[in-house]
Amino acid sequence: MSQNDCLHIDSTNVMPFVDRERIDEKAELARAVARQLERREGPGSDFLGWLDLPVAANGPELSRMEDLAEQAGQDSDVVVVIGIGGSYLGAEAALSALCDLTSGPEILFAGTHLSSPALSRMLRRVEGRDIRLVVISKSGTTLEPAAAFRLFRDLMVRRYGRENAARRITAVTDASRGALRSMSDEEGYETFVIPDDVGGRFSVLTPVGLLPLAIAGLDVRALLGGAAAMRERCAGADLWENPAHLYAAARSALYDEGYWVEVLSSFHADVGPLQEWWKQLFGESEGKEERGIFPASCRFTTDLHSLGQYLQDGRRELFETFLMVDGGQPDLVVPLDAAEPGGVDLDRDGLAYLVGRSLDDINTKAFEGTRNAHTDGGVPNLTITVPTLDERVIGSLFYFFEKAVAISGRMLGVNPFDQPGVEAYKKEMFRLLGKPGA
């Protein structure tokens with residue numbers, strides 16, 4: 001696979017469980033849904049702005065983000081990004097996957113929970129360091145980030161004074177309404193806009209994701225370029241050449257056969273947060289009206305020593321998607337177990353047969369063995385492979401998964417762009433907290 005391909009899907013290990021013809025039968029439905037999306041028709045059509053972000057995001061706002069990133073690199077040791085759900089998961093996913101490429105201030109994420117010990121530790125962690133805040137919220141009233149913002153805003157005002165603190169706070173919010181917009185206007189925060197036609201879990205290619213990544217020193221233009229290349233690739237009519245259509249069709253065919261749990265498994269430790277982003281994207285988009293594929297994830301080889309038992313021998317209602325990265329560190333090899341350099345291998349741990357072999361090679365064999373064993377154990381699986389982890393590849397993955405879930409959700413007969421069930425816990429929580437009007 002060449003660097004320009006960015007992504008390849010192998011569906012070979014689906015075929016023993018679902019005939020290729022069943023997947024082929026899904027092709028026309030996938031194309032019809034894709035045409036509907038492109039025409040901005042159907043359920044949730046008001047939230048399809050993400051379709052054009054790979055191109056539309058390359059404008060004056062991007063330059064302004066890069067200017068802010070440069071300033072943050074000069075005056076800040078750490079930038080605290082405050083948000084929850086789609087307001088942080090995409091940025092965290094990219095930062096973890098591309099951690100070796102970052103060059104800017106340290107990025108910390110707050111407002112993702114209500115755990116007081118963790119927030120207290122983070123407040124202590126920034127003591128004595130020059131900090132900036134990036135608060136991300138459409139409304140400004142979501143409980144978790146709003147509470148965290150109060151705490152960090154109070155710290156900033158005490159440390160820098162109100163006016164200087166305002167110069168160090170940036171808000172990513174609605175263009176004209178909401179509590180955070182009003183506060184930003186009143187305090188004079190620099191602001192960036194979350195487009196009205198882009199929902200939170202599809203917002204990673206807006207300032208929601210791009211601003212933190214730019215501050216971290218990543219090449220956000222290359223990330224958008226990868227997304228744009230994938231957008232072009234996902235416009236093709238051939239099911240087997242269009243990765244978004246193929247993934248959606250295979251998932252739909254498996255769902256028809258009773259496979260309602262999908263496990264996204266990876267053998268690359270740095271993509272764990274990307275798996276978390278994927279779970280929100282697919283869980284919120286498809287889990288409605290008592291339908292949908294439940295998204296779960298495993299980090300291998302770690303989870304092979306725990307969940308591996310269930311995957312191998314548990315209920316046969318799940319399928320697996322492996323997310324694999326070809327590139328690694330080929331110079332990291334198993335050394336001799338010797339009393340002195342160049343001595344005789346004592347083989348006290350039984351690994352002499354691996355001496356000189358790279359960890360990448362061993363990890364690949366672990367993947368191949370796991371895939372074979374799970375297939376033999378009755379687990380259908382797909383493999384998504386990317387050549388390396390860089391900005392272009394991560395951009396392509398973001399767009400691929402977004403396009404795939406939009407098609408897949410519509411194929412399931414649900415609106416992939418709303419999340420009515422999320423409000424249920426909030427209503428009960430606010431009632432218990434005594435919120436006025438709850």
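Reader: How many aromatic pairs does the structure hold?

Author: This is a predicted model, in which local features need pLDDT of at least 70 and side-chain atom pairs count only at pLDDT 80 or more, while totals for chains, interfaces and linings use all residues. Residues are numbered from 1 along each chain as its sequence is written, and side-chain values use heavy atoms, with hydrogens and water left out. Rings of Phe, Tyr and Trp (its six-membered ring) pair if their centres lie within 6.5 Å; planes under 30 degrees apart count as stacked, over 60 as edge-to-face and the rest as tilted. Aromatic pairs in the structure number 19.

Reader: Why is the pair of Trp50 and Tyr399 classed as it is?

Author: A pair of aromatic rings is described by the distance of the centres and the angle of the planes. The ring centres of Trp50 and Tyr399 are 6.1 Å apart. Their planes stand at 55°, so the pair is tilted.

Reader: How many residues apart in sequence are the parts that Trp50 and Tyr399 tie together?

Author: Helices (H or I, at least four residues) and strands (E, at least two) are DSSP runs, numbered from the N terminus. Trp50 lies in the loop between α2 (27-38) and α3 (53-56), whereas Tyr399 belongs to helix α16 (residues 391-412). The pair therefore ties together parts whose separation in sequence is 349 residues.

Reader: Are Trp50 and Tyr399 buried or exposed?

Author: Buried means under 20% relative accessible area, exposed over 50%, and partly exposed in between (1.4 Å probe, protein chains only). Trp50 has a relative accessible area of 0%, and Tyr399 has a relative accessibility of 1%. Trp50 is buried, and Tyr399 also counts as buried.

Reader: What kind of aromatic pair do Phe322 and Phe367 form?

Author: Phe322 lies in strand β9 and Phe367 in helix α15, so this pair ties together parts that are 45 residues apart in sequence. Phe322 counts as buried at 0% relative accessibility, as does Phe367 at 7%. With 5.3 Å centre to centre and 70° between the planes, the pair is edge-to-face.

Reader: Over which ring does the charged end of Arg20 sit?

Author: A charge sits over a ring if NZ of Lys or CZ of Arg is within 6 Å of the ring centre and within 35 degrees of the ring normal. Arg153 has its charged end over the ring of Phe149, 4.7 Å from its centre. For Arg20 the distance to the ring centre is 3.9 Å, and the ring is that of Trp240.

Reader: Which element gives the largest share of the lining of the largest pocket?

Author: On a 1 Å grid over the protein atoms alone, a pocket is an open set of points where a 1.4 Å probe fits, with protein on both sides within 12 Å along at least five of seven lines; lining residues have an atom within 4 Å of a point. The largest pocket holds about 1000 Å³ of space, and of its 39 lining residues the closest to the centre are Lys138, Thr142, Gly200, Gln419 and Lys426. Two or more lining residues come from each of α7 (143-160), α13 (272-286) and α17 (422-433). The largest share, six residues, comes from α17.

Reader: Which element gives the most to the lining of the second largest pocket?

Author: The second largest pocket is lined by 27 residues, with His268, Gly327, Gly328, Gln329 and Asp360 nearest its centre. Both β9 (318-325) and α15 (359-376) supply at least two of the lining residues. With seven residues, the element that gives the most is α15.

Reader: Against which elements do the buried residues of α5 pack?

Author: Helix α5 (residues 89-97) is mostly covered, with eight of its nine residues buried. Among them are Leu89, Gly90 and Leu95. Where contact means heavy atoms within 4.5 Å, the buried residues of α5 pack against β3 (106-110), α10 (207-215), α13 and α16.

Reader: What is the phi of Glu289?

Author: Glu289 is found in the loop between α13 and β8, and it counts as exposed at 56% relative accessibility. Its phi is positive although the residue is other than glycine, with a value near 55°.

Conventions
Points joined across faces, edges and corners; volume = space filled by probe spheres on them.
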